[in-house]
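Please consult the sequence and the structure while reading.

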Amino acid sequence: MSGANEHIVLGSLVLHNHEYERKESCMEEIGIGVIGAGLMGSLFCSIIRQIPQTKLIGVADIDAEKANSVAGAYSAIAFTDYRHLLDRDDIDAVVIAVSEHHHVAPTVAALKAGKHVLVEK
């Protein structure tokens with residue numbers, strides 16, 4: 001169905017087709033890393049893969065088996081040290097999906113590395 005009133009809803013943002021097409025072509029790909037490969041980290045990886053103009057670059061977890069499993073499922077790079085993930089220039093933003101009592105260190109490190117940060121509570 002095509003028409004002048006078509007629109008796309010992205011969260012709370014509504015873009016009319018002509019505006020979306022213009023903006024979509026101007027947007028650069030956003031590289032994202034996920035710190036924490038548990039249930040929420042895996043969920044965020046799945047969500048990231050569905051968002052246009054994003055690319056899941058890496059997944060970090062101190063448990064190498066978890067990091068490898070989740071990263072492998074999404075064709076990303078596995079890290080056992082989140083600081084190595086943060087060192088990458090192709091990562092613009094990170095999702096911190098570790099246990100709440102472990103939020104501070106990776107969040108502060110990500111901000112110091114100049115990354116955009118989303119912290120999962």
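What percentage of the 121 residues of the chain count as buried? The share is 33%. This value, like the others in this report, comes from a predicted model.

**Overall make-up**

The chain contains five helices and seven strands. Read from the N terminus, these elements follow the order β-β-α-β-α-β-α-β-α-β-α-β. Among the contacts with a separation of 6 or more, 49% join residues 24 or more positions apart. The chain exposes about 7,800 Å², and carbon and sulfur atoms supply 55% of that area.

**Confidence**

The average pLDDT of the chain is 84, and 78% of the residues score at least 70. Residues 7-23 have a pLDDT below 50, although this stretch has 16 contacts in the model beyond near neighbours in sequence.

**Helix 2**

Helix 2 covers residues 39-50, twelve residues in total. Its span from the first C-alpha to the last is 17 Å, close to the 16 Å expected at 1.5 Å a residue. Gly41, Phe44, Cys45 and Ile48 of this helix are buried. Viewed down the axis of helix 2, the buried residues fall within an arc of 105°, so they line one face of the helix. The exposed residues Leu39 and Gln50 lie on the face of helix 2 turned away from its buried side.

Which elements cover the buried residues of helix 2? The cover includes the elements in the following table.

| Element covering helix 2 | Residues |
|---|---|
| Strand 3 | residues 30-35 |
| Strand 4 | residues 54-60 |
| Helix 3 | residues 64-73 |
| Strand 6 | residues 93-96 |
| Strand 7 | residues 116-119 |

**Ala97**

Ala97 is located in the loop between strand 6 and helix 5, the latter formed by residues 104-112. Is Ala97 buried or exposed? Its relative accessible area is 13%, and because the cut-off for a buried residue is under 20%, Ala97 counts as buried. Leaving aside neighbours within four places in sequence, Ala97 is in contact with Ile35, Gly36, Met40, Gly41 and Glu120. The C-alpha atoms of Ala97 and Val119 are separated by 6.5 Å, while the two residues are 22 residues apart along the chain.

Methods
Residues numbered from 1 in each chain as written. Predicted model: local features only at pLDDT ≥ 70, side-chain atom pairs only at ≥ 80, totals over all residues. Heavy atoms only, no water. Helix = DSSP H or I, 4+ residues; strand = E, 2+ residues; numbered from the N terminus. Buried < 20%, exposed > 50% of the residue type's maximum accessible area, 1.4 Å probe, protein only. Contact = heavy atoms within 4.5 Å. Areas by Shrake-Rupley, 256 points an atom, 1.4 Å probe, with all protein chains shown as cover. Expected span 1.5 Å × (residues − 1). Arc of directions from axis to C-beta. pLDDT = per-residue confidence, 0-100.
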